[in-house]
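I opened this notebook to record, entry by entry, what I looked up in one structure. Each entry keeps to a single topic.

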Amino acid sequence: MNSLVVVPRIVNRVGEYYQFPLGIAYISSALREAGFPVHAVNLNHVDGPVRNILADEIRRHRAEVVLTGGLTGQYGAIRAVLEATKAVSDGVITVVGGGIITSAPEHGMEALELADYGVIGEGEIITSELCRALETSRDVREVPGIVYRDGKGFALSRGQVAPIDIERLPLPDYEGLGLDELLATVPNIVGMSDEGTVSIITSRSCPFRCTFCFHSSGQSYRERSLDSVFAEIDRLVHTYNVRYLAIQDELFGRNFERVRAFCKRIEPYGLKWWAQFRVTDVTHELVAMVKAAGCAAMGFGIESGDNRILKSMKKGTTVEANERALEIVYRAGLGIQGAVIMGDEAETVETARNTIDWWKRLAHYELQLSMIVTYPGTELYQNARARGLIPDPVQYIRDGCPLVKQANMSDEE
């Protein structure tokens, strides 16, 4: 069965920097390893109407199945892929994965309308099994982790999906998805300003359960072995001459000894890198260690300047811990990437004013200030649905997850 893997166009203009789609790249590699003829097109690197591009690709490669996916906020770009595919032939099977399906399987499929199958959770094994079932006319309802059309609605396949052993996965399909073209662009992220910047992941999921966060890679936190990580880094350095690693783990710095071992191994490469840390793990020793190993910036989920809101979010941190960590990193001369999000369901005029005053007082840290987004699959979303704040979950996805007023404040406030 000929497969075409499609990365939706999420850039405003071809040539802009974007975060390399590691999820889709892993799917592409897994399909190749399973023996399927796979072609790929990354629409972020190809100018022109999506419909024309995909019509050419589908016909050229005689694609029988088109696979795509992404996050809920990328709904429009994903739907454009499906519309373009079905315009070629309604007989081409469409498969969608990623956060848009995993967080809300039936609602995500209904919003997209044109997807034949959805993949729930980590897709490497599920997608390969789905394609094998389609190729052999096996009942897809027997493939765990699938959402499929059932009459006028959608249903979930039978069976439970176990967390993937990430040590057994092939490396991402960097070649097929055009990494070399992305490396010629310059990121616009704090601490990242070099050509040759590439994303990697060294772990999946996160051990914490903040109310506003959804873990599309599952609830089980797993770390790759450093031997596996550095085999990938060696390939990236030797093949692409990368100069900067954007480590996209939800939480990289949880295990101090693993960070120490990583730093010892990465230092001789002379690479710069960025990763996400938790303020409660920050010490002078940790910061000095990562700086010496080439870390140029540290990312943090700061979220609020009021302890009542941090408690409501189930962050497990405090304003005091935030301030202490930020000061240590700032004084060490490292870049800081962090965000403050307003509008939690416990937010009031008082807590909002406290946070804004705190943010202004610490303006030298250049923390991003924005409103909280109620993403499907999160505890915040479930609460909003129960309160009647999102009456139509399908339209909510189609509208791009607009802001929901959860705070205990009037519209004017």
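Grid points are joined across faces, edges and corners, and a volume is the space filled by probe spheres set on the points. I also noted that this is a predicted model, in which local features need pLDDT of at least 70 and side-chain atom pairs count only at pLDDT 80 or more, while totals for chains, interfaces and linings use all residues. Residues are numbered from 1 along each chain as its sequence is written, and side-chain values use heavy atoms, with hydrogens and water left out.

By this rule I found one cavity of 30 Å³ or more, and the volume of the largest cavity is about 30 Å³. Its lining is made of Tyr26, Ile166, Leu169, Ile201, Arg204 and Arg224. For classes I used this scheme: Ala, Val, Leu, Ile, Met, Phe, Trp, Tyr, Cys and Pro count as nonpolar, Asp, Glu, Lys and Arg as charged, and the others, Gly among them, as polar. The cavity lining then divides into four nonpolar, no polar and two charged residues.

Helices (H or I, at least four residues) and strands (E, at least two) are DSSP runs, numbered from the N terminus. The expected span of a helix is 1.5 Å times one less than its number of residues. Helix 8 (residues 226-240) has 15 residues and reaches 20 Å from its first C-alpha to its last, which is close to the 21 Å expected.

I took buried to mean under 20% relative accessible area, exposed over 50%, and partly exposed in between (1.4 Å probe, protein chains only). In helix 8 the buried residues are Leu226, Ser228, Val229, Phe230, Glu232, Ile233, Leu236 and Tyr240. They pack against several elements, including helix 1 (22-33), strand 8 (197-200) and helix 9 (256-266).

Asn241 is in the loop between helix 8 and strand 11, and although Asn241 is not a glycine, its phi is positive, about 55°. Asn241 counts as exposed, at 57% relative accessibility. Glu366, in the loop between helix 13 and strand 15 (368-371), also is not a glycine and has a positive phi of about 55°. Glu366 is exposed, with a relative accessible area of 61%.

The 13 residues of helix 12 (residues 319-331) should span 18 Å, and the end C-alpha atoms are 18 Å apart, so the two values agree. Among the buried residues of helix 12 are Val319, Leu326 and Val329. The cover over the buried residues of helix 12 includes helix 10 (284-292), strand 13 (295-303) and strand 14 (335-342). Just after helix 12, Gly333 takes a positive phi of about 85°.

Val340 lies in strand 14 and is buried, with a relative accessible area of 0%. Leaving aside neighbours within four places in sequence, the contacts of Val340 include Ile302, Trp358, Trp359 and Leu369.

Gly70 sits in the loop between strand 3 (65-69) and helix 3 (75-88), and counts as buried at 15% relative accessibility. The C-alpha atoms of Gly70 and Gly99 are separated by 6.0 Å, while the two residues are 29 residues apart along the chain.

Note on methods: Contact = heavy atoms within 4.5 Å. 1 Å grid on protein atoms, 1.4 Å probe; cavity = no way out; pocket = protein on both sides within 12 Å on 5 of 7 lines; lining within 4 Å.
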